[in-house]
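Subject: Structure handover

Hello,

The structure we discussed is below. My notes on what was found follow it.

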Amino acid sequence: MVKAHVSTHELVAGRYRLLDVVDRETNRVSWYGEDTASERPVVLTQIQLPPDPREQTARRAIARVTRASEILGLVLPGRVAAVIDVVEEFGTLWTVAQWIDGTPLSELLERQGTFNYVRAARIALEVLDALEAAHREGIVHAELSPGQVFVRDQGPVVVTGFGLAGATSASRVGAPSYASPEQAHGARPDPSDDLWALGAILYAMAEGRPPFRDRGRADATLKAVDRLPLRSPVRAGPLAQVIQGLLRKNARERLTAPVARDALLRVIRDEPDTSDEAVPSVRLRGTGAAIAARRAGRNLNRRGPRRFVLVGAALAAVTVAVLATTDNLPGIDASASGADTTPPVVAPVPSLPVTGGNTALPDQTSAPSTAPSVPPSPTPSAPPAASPTPSATGGTAEALPAGFRVYNAPEGFSVALPQGWKRLSEDVSPGNVAYRIVFGADGDPRTLTITYSQLLRSDPVAVWRDDVEPVLIQADIGFQRIGAIRATTYRGRSGADMEWLSDFEGTRIRTFGRGFLTGENTGYSLRWTTPAADWNDTANRQALDAFFRTFRE
């Protein structure tokens with residue numbers, strides 16, 4: 001951690017008075033201060049320089065920061081902090097920027113915890129605008145974190161810290177919890193580092209904490225970023241797709257900026273914005289006032305009915321693992337909103353594998369599972385009825401249950417749904433190799449999820465056993481498998497079923513999932529989720545039976 005080389009009673013470079021710490025990170029501290037020459041407020045950022053007898057590091061850093069500030073000031077006026085001075089003193093680099101009438105995102109996170117989906121998407125979109133403009137000029141931030149993003153009452157967010165990447169050996173890990181896996185290996189700064197950091201910031205806004213916790217030492221935190229699996233977001237709702245897509249360990253699989261932009265715009269378009277609070281402006285304040293403000297922290301309003309479409313972070317991870325064993329579908333999760341978010345028509349997308357549901361199916365032979373054992377579980381459900389012969393119209397030759405109608409999806413499949421059910425969310429992978437659609441109704445906690453992928457392995461049992469169940473067990477959601485993972489056939493095709501219990505916001509829920517192949521590497525999965533206490537209700541059994549009898553590809 002950077003130590004101040006001057007006290008608040010002394011002046012930096014004989015001119016700038018330090019007044020209050022704004023943000024503190026590894027190797028970097030930001031202060032609000034005053035330019036005593038002009039009597040104007042400023043923001044100073046303090047970075048420890050490595051020992052350099054020839055002072056080349058300081059000269060290089062000053063030149064780099066000055067150049068970046070000049071370029072971005074022209075292409076992004078008012079969107080990046082305008083640097084008015086860069087000085088080196090006692091082995092410390094100080095950048096002096098114009099006063100920013102806003103609140104650091106790090107402070108908002110500390111004070112308020114989490115953000116409304118739309119507000120988080122809007123902040124991320126404005127940060128993405130700044131990043132893309134910088135990347136077009138050949139400038140990479142490479143140490144982006146919430147402390148570098150200032151949110152204002154009026155006007156766009158302001159991003160600080162451009163130009164420091166590569167200027168010193170220390171600056172690249174200013175915020176290890178937000179650094180990319182490539183940076184943990186010491187790779188040169190790259191635009192993909194900024195996209196990872198954007199995903200980490202979105203994760204923090206949704207979850208109230210960074211995706212990888214600070215372990216006290218930069219090397220330990222970076223090792224965790226590099227080696228530990230991402231803990232799937234629990235509260236991200238419609239933001240989950242873009243978050244997990246940006247936080248892909250492999251930079252080549254990470255979402256591109258245009259794809260991330262489209263996903264953020266879709267959240268802004270489809271989600272109701274229930275945020276009615278203005279962002280409090282930062283004022284110069286004493287330590288006591290700052291501590292009191294932080295202790296008064298609270299969560300921003302999180303909207304939407306509690307719908308088991310989320311099933312915590314685990315089901316998002318399950319969808320990724322089960323339906324796309326190759327991780328081709330980044331961060332899939334459904335909206336928790338009850339609003340009508342029916343998306344526009346989507347071109348047919350290649351298939352995804354199976355993801356959990358809640359009931360056992362016919363022709364099941366027990367397949368061994370190498371996943372950790374779980375406590376004794378309830379008896380697996382009776383299988384749904386056998387599939388009827390399809391009719392010429394793509395529906396079924398049998399009459400539909402009362403209150404059901406056939407839904408013909410633009411993606412090419414059809415299924416009978418209860419009256420009033422609609423598409424709650426859709427997630428499409430980069431390159432359209434997979435999609436996931438969640439169906440449900442306002443006020444109804446039950447959901448049906450249909451996924452499709454072109455990147456499946458040939459053994460559906462192995463998908464559940466090796467890819468999905470371990471993720472569920474590690475997700476700390478009270479996972480308990482019901483019975484064995486079962487190989488089955490569905491319409492003459494190879495498939496597998498898994499049924500389990502888990503916890504979601506204090507409610508025990510039950511899920512049955514069936515995945516089946518439609519080609520060598522393509523396939524679907526159907527997942528049915530309900531409150532566990534209601535599992536055997538006649539209406540639930542009827543719905544499950546109808547889904548499996550009427551599904552057509």
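Six strands make an open sheet, ordered 1-2-3-4-6-5, with antiparallel pairing. Strand 1 (11-12) and strand 5 (83-89) are at the edges with a single partner strand each, so one side of each has no neighbour in the sheet. Strands here are DSSP runs of E of at least two residues, helices are runs of H or I of at least four, and both are numbered from the N terminus; two strands pair if DSSP finds at least two bridges between them.

This is a predicted model: local features need pLDDT of at least 70 and side-chain atom pairs 80 or more, while totals for chains, interfaces and linings use all residues. Residues are numbered from 1 along each chain as its sequence is written, and side-chain values use heavy atoms, without hydrogens and water.

Within the sheet, strand 3 (residues 28-35) and strand 4 (residues 40-48) are antiparallel and share eight bridges. W31 has L44 in strand 4 as its bridge partner.

The chain has 12 helices and 20 strands in total. Of its 553 residues, 58% are buried (under 20% relative accessible area, 1.4 Å probe, protein chains only).

Helix 1 (56-75), strand 4 and strand 6 (92-98) each supply at least two residues to the lining of the largest cavity. Helix 1 gives the most, four residues. A cavity is a set of points on a 1 Å grid over the protein atoms alone where a 1.4 Å probe fits but cannot get out, and lining residues have an atom within 4 Å of a point.

Regards

How values were computed:
Buried < 20%, exposed > 50% of the residue type's maximum accessible area, 1.4 Å probe, protein only.
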